[in-house]
Amino acid sequence: MDPKQLVETWRINNRINLYLLDAITPEHLADLLSSKGRNVAAQFAHLHNVRLMWLKAALPDALKTVIKIETDQPIDKDLLESSLTASGAAIEILLQDAIDHDGRVKGFKPHVTAFLGYMIAHDAHHRSQIIIALKQSGHTIDKKFSYGIWEWGSR
């Protein structure tokens, strides 16, 4: 297997997140799950902030141009898009660093491939939470997008 595929897989995952964000109207960023918890905007912010948590632990130098989204600040689509783009690129650096060295991510076991799986699973869990929150609020996303998040070969 070509190790570049790991980084490309991460890029696809991040593009899927941005694709979903693009499908959501700004006023629906406030939608909540019926069981409460984070609203749609906070779910996206959480994705970004968890990335920063891993970067801080494993490769702090990659954090130089990435800023945490604070829960008390206004969160709009522009902030989410720029933040997810920046943290996505920083995670690419982390993945490449692990690939180039010993195949491990500091603070994570067992190896970089499992870390990638973990990160994608985390993102996918929250994409589902976002879609369910929208649906429960009566704001389902267009079928083009709900099917489009599965089109990894074209995203």
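This is a predicted model: local features need pLDDT of at least 70, side-chain atom pairs count only at pLDDT 80 or more; totals for chains, interfaces and linings use all residues.

Reader: How many residues of helix α2 are buried?

Author: Burial is judged by relative accessible area, with under 20% counting as buried. In α2, which spans residues 40-58, 15 of the 19 residues are buried. At the start of this helix, a side-chain oxygen of Asn-39 comes to within 3.1 Å of the backbone nitrogen of Ala-41.

Reader: Which residues touch the most other members of the largest nonpolar core?

Author: A nonpolar core joins buried residues through side-chain atoms within 4.5 Å. Here the largest core has 25 residues, and Leu-94, Leu-95, Val-105 and Phe-115 touch the most other members. Helices α1, α2, α3 and α4 each supply at least two residues, and the largest share, six residues, comes from α3. A second, separate core of 23 residues includes Leu-20 and Phe-44.

Reader: How many aromatic pairs does the whole structure hold, and why is the pair of Trp-54 and Phe-115 called edge-to-face?

Author: The search finds six pairs. For the geometry, planes over 60 degrees apart count as edge-to-face. The planes of Trp-54 and Phe-115 stand at 80°, with ring centres 5.4 Å apart, so this pair is edge-to-face. Trp-54 lies in α2 and Phe-115 in α4, so the pair ties together parts 61 residues apart in sequence.

Technical notes. Residues are numbered from 1 along each chain as its sequence is written. Side-chain values use heavy atoms; hydrogens and water are left out. Helices (H or I, at least four residues) and strands (E, at least two) are DSSP runs, numbered from the N terminus. The expected span of a helix is 1.5 Å times one less than its number of residues. Buried means under 20% relative accessible area, exposed over 50%, partly exposed in between (1.4 Å probe, protein chains only). A polar contact is a pair of N or O atoms within 3.5 Å; within protein, one must be able to donate a hydrogen and the other to accept it, and residues adjacent in sequence count only if both atoms are side-chain atoms. Rings of Phe, Tyr and Trp (its six-membered ring) pair if their centres lie within 6.5 Å; planes under 30 degrees apart count as stacked, over 60 as edge-to-face and the rest as tilted.
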